[in-house]
Structure formats: C-alpha cells, structure tokens
Amino acid sequence: MLQLLLIAVRNLAQHRRRTLLLGGAIAGVTALLVMLQGMTTGIRSTLLESATTLSSGHVNVGGFFKVTAGQGAPVVTEFPKLVEIIRKEVPELDFVTERGRGWAKLIADDGSSVQLGLAGVDITRESGLKKTLKVTQGNLDDLAKPGSVLLFEKQATKLNVKVGDALTISAPAARGANNTVDVTVVAVARDIGFMSGFNCFLNGDSLRQLYQLKEDATGALHIYLKDIESTKVVQERLRKRLVELGYPVMDADPRAFWFKFEVVNREEWTGQKLDITNWEDEVSFVNWIITALDGLTYVLIFVLLIIIAVGVMNTLWIAIRERTREIGTLRAIGMQRRRVLLMFLVEALVLGLASTGVGAVISALLAMGLNAAQIPVVEAAQLITMSDTLSVRVTGGSILGAVVFVTTCTTLISLIPSFLAARMKPVTAMHHIG
Amino acid sequence: MDPIVSIRNVTKDYTLGKTVVSALRGVNLEVHKGDFISIAGPSGSGKTTLLNLIGCVDTATGGLVQVVGQSTGQLTERQLTDLRLHAIGFIFQSFNLVSVLSVFQNVEFPLLLQRKWTAAERRKRVDELLTQVGLQSHAKHRPNELSGGQRQRVAIARALVTQPQLVLADEPTANLDSVTGQNIIDLMKDLNKQQGTTFIFSTHDPKVMSHANAVVRIEDGQIKDRISAAEATLAVAAGH
Ligand SMILES: Nc1ncnc2c1ncn2[C@@H]1O[C@H](COP(=O)(O)OP(=O)(O)OP(=O)(O)O)[C@@H](O)[C@H]1O
Ligand SMILES: [Mg+2]
C-alpha cells in the first residue's frame, strides 16, 4: 500500500535530525563495510598473485629424484617433455615456467652470510616475475646471464652488497662436501611482505651448476592458468594424464615440498617421481592469511552491525513511543496488526535503503580517491598486504552486496520494536500520553 | 427490528496491581438503528469504558456485548479489527488525525484499509464527505494547519467515509469551544437524519445532550436511567 510508504517517508522527513543521525550512521557503516571488503579483496588478490608468482604457480609439477633410497633431491628430470605435455593437456594455460629448487648459504666478500632458498629461473620465460618484482637496483633481465643472482632489499642489506658485488653460494652435496658457485648481484628488488624473506632468484643454469644437474633438469614446473578458479580441475586432469603416460606420480599430499623430504627419503624407490600440487598446498600460508583477514573482517562487521542494531532499535523505540496514540487510532479505525508491523518495517526499509545508497556512493568515491592517492602502507602492514600502496578493490557487486546486507539487517532489527507496536491493544495505545 | 447494539449484564473490571476497579457493574443497553444517543454521567462513571466495549477496542469482563449482530466476546482480534473497519466509525475527543497525512489522505485512509475501492471511487467518496463537512477547500492541508473544529470535522468525515452502521464519539466536543462544539453536534445530527447513521456519543455538556433522541445516564458503572433530551436538560438545570 502506497500510503504506508508515504507515511514512512513523511515521518522520516518530519524527524529530520533523528533520521539524519541514524541514516548517517547506517551510511557510514555501509561505506566502511564496502571499504573493508575492498581492502581485503585487494590484499587477497595481490597476495595470491605475489605468492603464486614467487613460489608456486597455480598448479605445480614438482617431484623428487633419488639416486639412492635415502637421498631425495627436489628435482624434475627431462622437464621439456613435461612442458610439451602440459601445453597439450591444459588449454586453460596462460604460461608455464620452470624453477630450480635449492637451499644454500650465500656468503659475501666481507664474510657475512645468510641461509636462503634458491629459485633457479629462466628469466626469458618469467613474464609473471616481471610484474611482481619491483627492481630498485640493477636489471631483472640480467638474470639471463650465467652467474647472476637477484636479492631482495633486506637480504642485500644483511649481506651488505649492492648490484655488481660478488657472492659465493655454497650448498651441501653428497658425503658431507659442499659445492660452491660464484655469482654476481645483478638486481635488487623491493621486499614483498615476508615472502621475500626466504627466497632469492638465481640464474637457472647457475643453480644446475651448483647441484651438478643436467640441462633438462629443474626443480618444478609452475603452471599459470588464465583463471585461478580452474586450478583443481587442471591439477586432477594432469595427475590422471601423467599417470596414464607412465610417469610415476606421488600420492596427493597437500603440503609444501620441503615438508616432504622426510617421507620421500624413508621410502624404498629410487629414480624419478613427480608430485602434482597446487598453490594452496605450496603456499598454504596464503590461505591462513586470507582466513585470518576474513575472520577479522567478520568481527569488524559484527561490531558495526551491533552499533546499527542499537541505533535502529533505539530510534524506532522512540518513534513508536511518540506515535503510540496514532497506532492506537489506526488500530481502532480498522488497521490490522500486520499492517502496523508493515508500516514500521517500511519505515526502516526506506531509511535503510536511502542510507545504504548514500553509503555506497560515498564508498565508491572514497575508493577511487584512495586508489588515486597511492597511499603508502606502513612497513609492518606490508607483511600482509604484500604491496606498498593501499589498494581498495570495490566492485559493483560488493557495493550491492553491502547495500542489500545492511538494509536487510536494519529491517530485520526493526522487526522487534515494530512487532511490539503492532501487538499493543488499541485502547491502551490510544490512552497513551505523549 | 434487531438492535444494532445490545448489551446484557456487562461488567468491566480493571486490575491495577492488587486492587480491582469495577468500571462497569452490570450494564444493560439497547441501541437501535438511526438512534442518536448521548451517554451522560459524571467523570469516572464509566462512559469511556462503555464506548470502548461497544467499539470493540476492548473486551468485557463479563456479560454479553453484541454489535451489528455479532457477539464480540467470541471474535478474534482480527475479526474485531475487521468489524471496526467495516461497521464502526470513531470520533475521538482529541481528533487523532495522522499528522503526516493531508486532510484528504486522512479521510481516505479507512477506504484504503478496506481495499475494495478504486482510486476514482475513493476520490469521489472523500470529496463528498469533505463537502458535507464543509472542508473541500482544505483537502490538501495538513491537520496542524487546521483549527480544532476543522480537525474534528475531518475526523467526522473519516468516521463516516466507510458508511458505517454505527458511529461512536467519546466527548467529541470536549476540546472545542461551545459554539464550535454546537456546530459539530449539528453536523452529526444532520448526518444522522440524512443517512440514518446511528450515533452514540458521550458528553458532560447539557447543550450537547439536548440534541440527542435519548440520554442514557450512567453513574458509578451502572445505568441510572434512559430519559429524553428535554428531561436531561431539566435534570442538569435542577442539579441532579
Ligand atoms: N485503563 C484503566 N485502568 C484502570 N482503571 C481504569 C482504566 N480506565 C478507566 N478506569 C477506571 O474506570 C472507571 C471508569 O472510567 P471511564 O474512563 O470509563 O470514566 P468516564 O465516565 O469516561 O470518565 P470521564 O468523564 O472522566 O472521561 C474510573 O474509575 C477509572 O478510574
Ligand atoms: Mg471518558
């Protein structure tokens, strides 16, 4: 009934101060909600992109090679053949790269050293790295030269080296000996959260040299898909296909590869086995962070909703108290209880929709402004944001979601006082003073 | 002819904590179609209580209340509301208009609640009523832009717009000056004569009583007598 809408709108207009106050709060909460979501979505996607680019790909074909049963090395042999199979079997493919895997000590001329994971790369094929790594010194393309290494800023500081300086990389080899290779720092990249803490990038051939691997051996193949959503499907298909093609494939084990040495070394087999995992296995911390972020978001949303709930309840109480006589009158002249309930619900709905609408516009503008302003993120927070500027990803969908969600909550909350208003006996309501 | 209101041995108690106030103690009353009846009595005698029972906004503690042939004690809240909507019109002492709606919208409201009228029918009916109460030129005004007498006329139009069989008015003139009050009663009387609508109203005012077909005098929760308007005026003049 249109008249209920009219009554609602006019009552809201009549109590302008109250309406503005509560409406402002609802708009604020909506805007906050959208921003919060926009930030977590932003963090989530940069986090995912960085993590998968730096250390796993979407689907990861790794494995172990054992010369003797107790000596597993994270090596995949004859990888060019595998790349060919992947190209054929995965139409969802964006690109595939190979990464050497290692763990070694980097020693500077002045004697300072760090233990680091090594990623051996063929930089000509690493289109993702070029986007993710922000090189502050030197040139990423120089990683194509043999004996080249890229460090992150913290690592460079710790080793007290800069571009052009020499390093020795020393890795434990069979029978307690150490292999070494001499390299030159060709680039220094900005830190990317904590992910940059435990890895550096080494020319792929230098890594092979360090571990005395053949030309066609690498650590793992990183498969990047056009859409990360198809990860599981592709992973399953590849596993099946590779088994069919006669490759020995390890049982599915959703852990990062460095957890698997112990199990692999205890097993009897020798030679090559492949391990097909996905980014969730290899960089599971990404999921922890996302879960933590989601948890935090939910807690904040909950607190915000409580604020709204108290505000809406309180305001509606007052409104209903003031209009008790009117309710009584309307009930007396024949308005059913359900209608009274509806009358107040409509009022809450109108207030909710209008306020959340305003909140949506504010948040959209705010997001545009923040993104344009390139606000730097404090260093501690970069651990999580994985990005040095604040990025808020606000989509039409997330705005609509917030509008619908907050409006629904507002209306649901108003059910309680509305219900009590509708339940009043007409006489009692009419004789109400005030 | 069946009475439009029939009340038999009705009692109404209000419980206030541990004390029980007997507002009505065995009331019997019959009102017939076309009656224009005044309920008179001192303050606290039970006039409002009686009208509330007839108006189906409250239920009796004991006895039988029949309104337009229905025993109200046996009806559900929904049915009572429907009965009020279709058979009864209310005029209140303090007008009780919806302040955010215009005069027109206030009068139209019961028609909207009935959900059986087209917009054109509603407009025609409301215009008729506003003309009858002399407010057609104020249709777009809000209640707070009107005088007390004008507001009460809007309330009368609202009460009559559904063509109820019975109109109840609890001290409809108490908040108006005597001339305006007089006009309001005249208006009610006209409508009673023209359309045969039954009116029951309560009042303290002898001048107002004097228009009634009959005055029901109530005292201490009981009907004292039912007398003519002339008798009532005399009785008030004599001081009892
Ligand atoms: N809601 C209530 N709770 C308790 N007692 C009530 C209530 N309403 C009325 N009463 C009592 O019932 C009795 C009758 O009251 P009622 O309002 O019917 O009198 P009245 O004749 O309308 O009086 P007035 O002329 O002052 O309007 C009074 O004693 C009053 O105190
Ligand atoms: Mg009274």
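## About the model

This is a predicted model, where local features need pLDDT of at least 70 and side-chain atom pairs count only at pLDDT 80 or more, while totals for chains, interfaces and linings use all residues. Residues are numbered from 1 along each chain as its sequence is written, chains are lettered from A and ligands numbered from 1 in the order in which they are written, and side-chain values use heavy atoms, leaving out hydrogens and water.

## A bridge within chain A

A:Arg241 pairs with A:Glu89 in a salt bridge, with the closest N and O atoms 3.0 Å apart. The term stands for a side-chain nitrogen of Lys or Arg within 4 Å of a carboxyl oxygen of Asp or Glu. A:Glu89 is buried, at 16% relative accessible area. Together with A:Glu244, A:Glu89 and A:Arg241 are linked in a network of salt bridges.

## A bridge between chains

Now for a pair that spans two chains: the side chains of A:Lys425 and B:Asp58 meet in a salt bridge (3.2 Å, N to O). B:Asp58 counts as buried at 8% relative accessibility, whereas A:Lys425 is partly exposed at 39%.

## Meeting ligand 1

Let us turn to the ligand. A polar side-chain atom of B:Lys47 lies 2.7 Å from an oxygen atom of ligand 1, and one of B:Thr49 lies 2.5 Å from a ligand oxygen. B:Gly46 takes part through a backbone N or O atom, 3.0 Å from an oxygen atom of ligand 1.

Notes:
Polar contact = N/O pair within 3.5 Å; in protein donor to acceptor, adjacent residues only side chain to side chain. Buried < 20%, exposed > 50% of the residue type's maximum accessible area, 1.4 Å probe, protein only.
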